[in-house]
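Please keep the sequence and the structure in view while reading.

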Amino acid sequence: MAADVRFAEAMIPHHRQALEMAGLAAARTGDPLVTAVADRVVDGQRPEIAVMESWLRGLGRTPPPAHGHGAGGYGMASEEELTRLRTARGRAFDTLFLTLMIRHHEGAVRMAAQELRRGRDRAMRTMAQDVVSGQQIEIARMRGIQRRLG
């Protein structure tokens, strides 16, 4: 159970940072494919956060309140990277957004793979499998958009 709790408590802030990055897209990109990536992040990760928060509350635990900006931890963007993303527009935003989101998704896949190796709770293992399969598909899509952008 400890591995399952660690997974949920780490994935919630990880997903929250992805939501923050995705929330920047509408005002900063003109590319409908980048907008679609951001929309899929929101549509997929917001409900996953709700499930993990509910699961933690069911155990009597308080979900983590926010996300940190520790660079490198499972692909998390640093505060400096987020600031650059917040100020970028157009193609510069698209390029940075895709780079950061691919790294972010790769980190989530690594985190979920650890849960699949160590976790025991059926709900959290199912969540981890969904993260692995869904985010690998998104990584491939984003790499295709990167190639198109050059």
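## Basis of the report

This is a predicted model, in which local features need pLDDT of at least 70 and side-chain atom pairs count only at pLDDT 80 or more, while totals for chains, interfaces and linings use all residues. Residues are numbered from 1 along each chain as its sequence is written, and side-chain values use heavy atoms, with hydrogens and water left out.

Helices are DSSP runs (H or I, at least four residues), numbered from the N terminus. Axes are lines fitted to C-alpha atoms, for helices over the stretch in contact, and angles run from 0 to 180 degrees between N-to-C directions. Angles under 35 degrees count as roughly parallel, over 145 as roughly antiparallel, 65 to 115 as roughly perpendicular and the rest as oblique.

## Helices α5 and α6

Helix α5 covers residues 90-118 and helix α6 covers residues 122-149; their axes come within 8 Å and cross at roughly 155°. The two helices are therefore roughly antiparallel to each other. Their crossing is left-handed, a term used if the near helix is turned anticlockwise from the far one by less than a right angle.

The residues of this contact comprise 16 nonpolar, six polar and eight charged. Here Ala, Val, Leu, Ile, Met, Phe, Trp, Tyr, Cys and Pro count as nonpolar, Asp, Glu, Lys and Arg as charged, and the others, Gly among them, as polar.

## Helix α1 and its partners

The axes of α1 and α4 are 10 Å apart, and these helices pack at an angle of about 25°. They are therefore roughly parallel to each other. Gln17, Glu20 and Met21 in α1 meet Leu82, Leu85 and Arg86 in α4, where contact means heavy atoms within 4.5 Å.

Helix α1 also packs with α6, at an angle of about 40° and with the axes 10 Å apart. The helices α1 and α6 are therefore oblique to each other, and their crossing is left-handed. On the α1 side the contact is made by Asp4, Phe7, Ala8, Met11 and His15, and on the α6 side by Met124, Met127, Ala128, Val131 and Gln135. These residues divide into seven nonpolar, two polar and one charged.

## The largest nonpolar core

A nonpolar core is a set of buried Ala, Val, Leu, Ile, Met, Phe, Trp, Tyr and Cys residues joined through side-chain atoms within 4.5 Å. Buried means under 20% relative accessible area, exposed over 50%, and partly exposed in between (1.4 Å probe, protein chains only). In soluble globular proteins, nonpolar side chains tend to be buried together.

The largest nonpolar core has 44 residues, of which Phe7, Met21, Met52, Leu85, Phe93 and Phe97 touch the most other members. At least two residues of this core come from each of α1 (2-23), α3 (32-58), α4 (79-87), α5 and α6. The helix that gives the most is α5, with 11 residues. Not counting residues up to four places away in sequence, phenylalanine 7 touches Met52, Met111, Ala112, Glu115, Met124, Met127 and Ala128.

Isoleucine 49 lies in helix α3 and is buried, with a relative accessible area of 7%. Neighbours within four places in sequence aside, isoleucine 49 is in contact with Ile12, His15, Arg16 and Leu19.

Glutamate 53 is also placed in helix α3. Is glutamate 53 buried or exposed? Its relative accessibility is 15%, so glutamate 53 counts as buried. Leaving aside neighbours within four places in sequence, glutamate 53 is in contact with Ile12, Arg16 and Pro63. Glutamate 53 and proline 64 are 11 residues apart along the chain, and their C-alpha atoms are separated by 8.5 Å.
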